Amino acid sequence: MEKTHSKVWEQCLTIIKDNVTPQSFKTWFEPIKPIKLKDNVLTIQVPSQFVYEYLEEHYITLLKKAIKRELGSDSRLEYSIVMENTRNAKPYTVKIPGTNKQAAKGQPVNIPIDINKNPIRNPFIIPGLKKVDVAPQLNPNYSFENFIEGDCNRLARSAGFAVAQKPGGTSFNPLFIYGGVGLGKTHLAHAIGLEIKNNFPNKTVLYLSSEKFTTQFIDATKNNTQNDFINFYQMIDVLIVDDVQFLAKKEKTQDVFFHIFNHLHQNSKQLVFTCDKPPVEIEGMEQRLLSRFKWGLAADLQIPGLETRIAILQRKIYTEGLDISSDVVEYLAYSINSNVRELEGALISLVAQSSLNKKAITLELAKQMIDKFVKNTAREVSIDYIQKVVCDYFGLPIEMIKSKTRKREVVQARQITMYFAKSFTKSSLASIGLQCGGKDHATVLHACKTVNNLIDTDKRFKGYILELEKKITLSNYQ
Ligand code: ADP
Ligand code: MG
């Protein structure tokens with residue numbers, strides 16, 4: 001009996017159904033229509049470019065297997081993509097994934113487009129929003145599991161987690177996460193989205209940057225589809241907008257954002273925003289929008305402390321399957337105290353250097369690398385690092401310097417630490433004191449004077465200071 005395209009596809013679907021979750025099947029495979037079978041080439045129609053790319057990325061092996069089973073090894077699959085923009089309709093070029101290697105390498109060909117109007121054009125070109133999972137925009141690596149908790153992020157993290165257990169149902173709406181670059185705003189935003197998707201697979205979670213939102217809005221204005229744009233956003237259950245500071249000075253976009261915000265908020269949908277500064281410091285933002293940012297909870301991310309930096313590195317090393325000794329990890333964590341992105345950057349450079357030069361990852365290599373790294377970014381020495389060098393030098397445990405003990409040798413090491421902290425960091429006297437045994441600024445000032453006096457009067461002491469200075473500056477400034 002002659003095989004028809006519908007029969008073949010029906011058979012394929014039964015194979016596919018056994019291999020994917022019901023949710024995925026419904027989302028990705030049900031909307032596909034078989035349209036042609038000719039010369040062992042099956043053409044299927046997919047609703048959008050996005051769906052096509054998603055299938056290619058996630059299900060190509062399964063699709064190949066199913067088609068091969070039905071049509072044999074010289075068979076092929078072609079896609080026809082429904083384009084929504086009828087005015088600009090022109091042949092769309094896609095590569096054809098083959099069911100055998102030969103075909104997969106084939107030249108791109110023009111595939112005719114079926115023009116099919118959708119009731120709502122959404123800016124992600126996902127027809128029939130209800131059927132489609134928008135969560136692929138979330139990066140699975142940016143999970144809560146991979147987000148190390150520390151004093152620096154406790155509030156933001158736990159608020160994010162609470163929101164993910166009960167989206168729209170906590171008083172953290174909107175949840176406004178702010179902090180400097182590389183401190184984990186994007187990571188946390190994804191983690192919230194992923195966790196919600198995990199807990200509530202049927203909820204529509206949308207993550208995007210405010211820039212993308214702006215571009216989509218401008219496009220919608222150009223194409224006269226603002227209503228579709230607004231309708232699309234009003235259908236979202238959880239809207240996560242990263243880097244809202246980029247909405248500043250964009251009045252029209254702020255206006256539409258405001259309306260979407262109101263609609264979602266009134267319907268108890270969850271809103272999550274990130275920003276590089278707290279609401280009060282954003283300039284060029286409409287007052288009514290700023291006041292809404294403050295309706296829920298504004299939680300900040302700070303620079304992680306030493307222990308958290310070590311834990312972050314260890315987590316990264318574990319997930320990447322690396323093997324790096326703890327002295328190297330500690331050295332990196334001590335030396336890089338600007339933000340997490342730089343910390344990860346240093347680790348990646350180190351791994352790259354070691355594999356390029358076929359050298360083991362040793363403390364020596366780490367030091368060389370940090371020297372270069374630090375030179376490039378003109379970093380200041382951290383108090384943590386000064387404490388470490390001084391303590392190592394005098395053979396004291398680092399906790400002693402941070403404690404209140406008045407033991408003579410500790411008092412002197414602490415004074416030296418304060419002296420170097422004053423010379424080599426921009427920290428205030430008060431902050432130096434706080435980090436060195438909870439002392440006040442007068443104690444720090446006194447310590448600096450004492451050390452200066454001793455340098456002038458005690459040759460041996462001066463020797464210590466010079467040696468220490470070398471150690472501190474060598475590893476950080478060269
Ligand atoms: P931001 O958006 O604030 O500029 P990102 O979220 O892009 O920062 O974070 C930069 C990098 O640091 C990412 O790779 C992220 O995974 C990592 N990172 C930040 N904070 C943490 C944390 N607490 N635990 C683990 N990784 C983190
Ligand atoms: Mg970011």
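User: Is Ala 421 buried or exposed?

Analyst: A residue is buried under 20% relative accessible area, exposed over 50%, and partly exposed in between, with a 1.4 Å probe and protein chains only. Ala 421 has a relative accessible area of 0% and is therefore buried.

User: Which residues does Ala 421 touch, not counting residues up to four places away in sequence?

Analyst: Contact means heavy atoms within 4.5 Å. By this rule, and with residues up to four places away in sequence not counted, Ala 421 touches Ile 383, Ile 386 and Ile 432. The C-alpha atoms of Ala 421 and Ser 382 lie 7.8 Å apart in space, although 39 residues separate the two in sequence.

User: On what basis are the residues numbered and the values computed?

Analyst: Residues are numbered from 1 along each chain as its sequence is written, while chains are lettered from A and ligands numbered from 1 in the order in which they are written. Because this is a predicted model, local features need pLDDT of at least 70 and side-chain atom pairs count only at pLDDT 80 or more, whereas totals for chains, interfaces and linings use all residues; side-chain values use heavy atoms, with hydrogens and water left out.

User: At what angle do helix H16 and helix H18 pack?

Analyst: Axes are lines fitted to C-alpha atoms, for helices over the stretch in contact, and angles run from 0 to 180 degrees between N-to-C directions. Helix H16 (residues 383–394) and helix H18 (residues 408–424) pack at about 145°, and their axes are 9 Å apart. Ile 383, Ile 386, Gln 387, Val 390 and Phe 394 of H16 make the contact with Ala 413, Ile 416, Thr 417, Phe 420, Ala 421 and Phe 424 of H18.

User: How do the residues of the contact of H16 with H18 divide by class?

Analyst: Ala, Val, Leu, Ile, Met, Phe, Trp, Tyr, Cys and Pro count as nonpolar, Asp, Glu, Lys and Arg as charged, and the others, Gly among them, as polar. The contact of H16 with H18 has 9 nonpolar, 2 polar and no charged residues.

User: How are helix H1 and helix H4 placed relative to each other?

Analyst: Angles under 35 degrees count as roughly parallel, over 145 as roughly antiparallel, 65 to 115 as roughly perpendicular and the rest as oblique. The axes of H1 (residues 5–19) and H4 (residues 60–71) cross at roughly 135° and come within 9 Å. H1 and H4 are therefore oblique to each other. Among the H1 residues that meet H4 are Val 8, Trp 9 and Cys 12, and the H4 residues include Leu 62, Leu 63 and Ala 66. By class, this contact of H1 with H4 has 10 nonpolar, 2 polar and 3 charged residues.

User: What angle do the axes of H12 and H14 make?

Analyst: The axes of H12 (residues 306–319) and H14 (residues 340–356) cross at roughly 50° and come within 11 Å. H12 and H14 are therefore oblique to each other. The contact of H12 with H14 has 6 nonpolar, no polar and 3 charged residues.

User: Which backbone angles deserve attention?

Analyst: Most residues other than glycine have a negative phi, and most peptide bonds are trans. Asp 39, in the loop between strand E1 (33–38) and strand E2 (41–46), has a positive phi near 50°. With a relative accessible area of 66%, Asp 39 is exposed. Asn 224 also has a positive phi, of about 60°, and lies in the loop between helix H8 (210–222) and helix H9 (226–234). At 65% relative accessibility, Asn 224 is exposed. The peptide bond from Asn 173 to Pro 174 is cis, with omega near 5°. Pro 174 is in the loop between helix H6 (154–165) and strand E6 (175–178).

User: What is the make-up of the protein chain as a whole?

Analyst: The protein chain has 21 helices and 10 strands. Of its 478 residues, 47% count as buried.

Notes
Helix = DSSP H or I, 4+ residues; strand = E, 2+ residues; numbered from the N terminus.
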